[in-house]
Amino acid sequence: MAKAPTSRVDKLLSSMGYGSRTEIAHMARAGRISLDAVKIPDVTKRIPITPDLSHHMKIDREALDSVGPMVILLNKPAGMTCSHKEDGKLVYDLLPARWQRRVPMISTIGRLDKETTGLLLLTDDGALLHRVISPKHLVKKTYRAKLARPLDGTEGERFASGEFMLAGEDKPLAPALLEVVSETEALLTVTEGRYHQVRRMFAATGNHVMELHRERLGGLSLPDDMAPGQWKLLNEAEITLIFE
Ligand code: URA
């Protein structure tokens, strides 16, 4: 079996957001960092980076975060932005504060509008991010839209046609599937991620989306007991479901 790569303790922990290298040296001298219950006073020590390191290393008696790569499933509440930079509330504020200092950086996989709720993935795995958002992989995204006006009955055929155009664009949308829930509510499954796509699709039919919630992404859906603002780390099997 290939040997695990190694890293200095200070370099590893600072890349995981636990503090600067100097702060980590102070923490170690104060006996706050341990590996298999043995304190590590010297942060220049190199340790193997194994996937289960979080089961062996503790900081202030708490298990180390996952070394990564990480994939996070979040139930996005309304009123939060999928951006690192904008003013106001950001989805990253829902995660542990030190995760905003992790290298590589954690980013959302695609974006949901500020007022859209529901299933949002975040990751520090750039290759996975690109696989999910790449049009090549046709990952299905299902949204529940609550509408201002009753559906007129033509939307399903128009959205499925592969010829439906959005205002200001020159390429038709890939076929999308509409499932009518009631006169003013529908599920819409799309494979693209164009800017404000679902809101613009209904706007192009003369309607207006009042509420938008993403329920599914590939074979993944939000657990029923996950309240808005809650999140969890996905395991390998759950990550595979994205591409189902
Ligand atoms: N389509 C939209 O219009 N908004 C979203 O947030 C996602 C898809």
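This is a predicted model: local features need pLDDT of at least 70, side-chain atom pairs count only at pLDDT 80 or more; totals for chains, interfaces and linings use all residues.

Residues are numbered from 1 along each chain as its sequence is written, and side-chain values use heavy atoms, with hydrogens and water left out.

**Domains 2 and 3**

- The domain assignment gives domain 1 (6–63), domain 2 (71–134 + 223–241) and domain 3 (140–217); such bounds come from an automatic or database assignment.
- The C-alpha centres of domain 2 and domain 3 are 23 Å apart.
- In contact here are 12 residues of domain 2 and 9 residues of domain 3, where contact means heavy atoms within 4.5 Å.
- Together, domain 2 and domain 3 bury about 830 Å², 45% of it on carbon and sulfur atoms; buried area is the accessible area (1.4 Å probe) that two parts lose on being put together, summed over both.
- On the domain 2 side, Asp113, Thr117 and Leu119 lose the most area to domain 3, together 50% of what that side buries.
- The rule finds 1 salt bridge across this interface, a salt bridge being a side-chain nitrogen of Lys or Arg within 4 Å of a carboxyl oxygen of Asp or Glu.

**Salt bridges**

- The whole structure has 11 salt bridges.
- Asp60 and Arg32 pair up at 2.7 Å, N to O.
- Asp60 sits in the loop between strands E5 (57–59) and E6 (62–63), and Arg32 in the loop between H2 and strand E2 (33–35), so the pair ties together parts that are 28 residues apart in sequence. (Helices, H or I, have at least four residues and strands, E, at least two; both are DSSP runs numbered from the N terminus.)
- Asp65 and Arg98 form another salt bridge, at 2.6 Å, N to O.
- Asp65 is buried at 9% relative accessible area, whereas Arg98 is partly exposed at 25%. (Buried is under 20%, exposed over 50%, partly exposed in between, with a 1.4 Å probe and protein chains only.)
- Arg194 and Glu192 bridge at 2.9 Å between their closest N and O atoms, and a network of salt bridges links Glu169, Glu192, Arg194 and Arg200.

**Arg29**

- Arg29 lies in helix H2 (residues 21–29) and is exposed, at 59% relative accessible area.
- Its C-alpha atom is separated by 51 Å from that of Lys136, 107 residues apart along the chain.
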